[in-house]
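Here are my notes on this model, point by point. Please keep the structure open while reading.

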Amino acid sequence: MHDRFPDFRLGKVLATSFTATLTERRGDAVERIPVPRRLVDWLAASGLAVESCTTAQLELARELRESIHAVLTAAAGQEDLPASAVEVINDRSAQGRAAAVLTPEGHRQWRLSSASCVEDALGVIAADAISIVAGERDGKLALCASPTCRAAFFDTSQSRSRKWCEMNTCGNRQKKARFNANKRP
């Protein structure tokens, strides 16, 4: 029997897309990488293809994901960054041996040290989170206005006033709820 997993919520920012592999954190949480094979799928969809992943590597990935989420949430709220989460991000960044390479089309691509090195891919994700929190990228870190989501996202819109991590999910859900509330007598 073929397992059916929830679709990935891929965005343009690697680190926040990675944290979106667990959604609805304050509601009925949806785990989008429940097994090692799904992490392999997500990494491939994000340009960090690996051939395989162990259960231990999946646990490292989840620890990094939660650490990034904690740090981005704190940074968006202008709070002190949790030291243990910062340590995990720094450790994963230092352990990765990926190299940025330029394609003939002028795009950046990541070259991992081997086809099965999940740690290299996690290093790339950790480095992306560091660049966001350090303010090295043009945009604004924000938290989704949905009370069940509260995902950290990187707002690169011109006005920097986005309210939801994704309009197609959280935004539409909130607008529909508001519409239905206004229809009731």
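1. Conventions. Contact means heavy atoms within 4.5 Å. Helices (H or I, at least four residues) and strands (E, at least two) are DSSP runs, numbered from the N terminus. This is a predicted model, in which local features need pLDDT of at least 70, side-chain atom pairs count only at pLDDT 80 or more, and totals for chains, interfaces and linings use all residues. Residues are numbered from 1 along each chain as its sequence is written, and side-chain values use heavy atoms, with hydrogens and water left out.

2. Helix 2 against helix 5. Leu39, Trp42 and Leu43 of helix 2 meet Val118, Ala121 and Ile125 of helix 5. By class, this contact has six nonpolar, no polar and no charged residues. Here Ala, Val, Leu, Ile, Met, Phe, Trp, Tyr, Cys and Pro count as nonpolar, Asp, Glu, Lys and Arg as charged, and the others, Gly among them, as polar.

3. Geometry of that pair. The axes of helix 2 (residues 36–45) and helix 5 (residues 118–133) come within 12 Å and cross at roughly 55°. Helix 2 is therefore oblique to helix 5. Axes are lines fitted to C-alpha atoms, for helices over the stretch in contact, and angles run from 0 to 180 degrees between N-to-C directions. Angles under 35 degrees count as roughly parallel, over 145 as roughly antiparallel, 65 to 115 as roughly perpendicular and the rest as oblique. The crossing of helix 2 and helix 5 is left-handed; that is, the near helix is turned anticlockwise from the far one by less than a right angle.

4. Burial of helix 2. Pro36, Arg38, Leu39, Val40, Trp42 and Leu43 are buried in helix 2. Buried means under 20% relative accessible area, exposed over 50%, and partly exposed in between (1.4 Å probe, protein chains only). The cover over the buried residues of helix 2 includes helix 1, helix 3 and helix 5. Just after helix 2, Gly47 has a positive phi of about 80°.

5. Helix 3 against helix 4. These two helices pack at an angle of about 125°, with axes 8 Å apart. Helix 3 and helix 4 are therefore oblique to each other. Helix 3 contributes Leu60, Glu63, Leu64, Ser67, Ile68, Ala70 and Val71 to the contact, and helix 4 contributes Ala85, Val86, Val88, Ile89 and Arg92. By class, the contact of helix 3 with helix 4 has nine nonpolar, one polar and two charged residues. Helix 3 passes helix 4 in a left-handed crossing.

6. The cores. A nonpolar core is a set of buried Ala, Val, Leu, Ile, Met, Phe, Trp, Tyr and Cys residues joined through side-chain atoms within 4.5 Å. The largest has 32 residues, of which Phe18, Leu39, Leu43, Leu48, Leu64, Ile68 and Ile125 touch the most other members. At least two residues each come from helix 1 (14–19), helix 2, helix 3 (55–76), helix 4 (83–95), helix 5 and strand 6 (152–155). Helix 5 gives the most to this core, with eight residues. A second, separate core of eight residues includes Cys149, Phe153, Trp164 and Cys165.

7. What does Leu48 touch, not counting residues up to four places away in sequence? Its partners are Leu14, Leu43, Trp110, Leu112, Ala121, Val124 and Ile125.

8. Asp120 sits in helix 5. It is buried because its relative accessibility is 0%. Outside four places in sequence, Asp120 touches Gln95, Gly96, Arg97, Ala98, Leu112, Ser113 and Ser114. Val50 lies in the loop between helix 2 and helix 3 and is buried, with a relative accessible area of 7%. For Val50 and Ala121, 71 residues apart in sequence, the C-alpha to C-alpha distance is 8.1 Å.

9. Backbone points to check. Most residues other than glycine have a negative phi. Gln78, not a glycine, has a positive phi of about 55°. Gln78 is in the loop between helix 3 and helix 4 and counts as exposed at 75% relative accessibility. Arg150, also not a glycine, has a positive phi of about 55°. Arg150 lies in the loop between strand 5 (140–143) and strand 6 and is partly exposed, with a relative accessible area of 27%.
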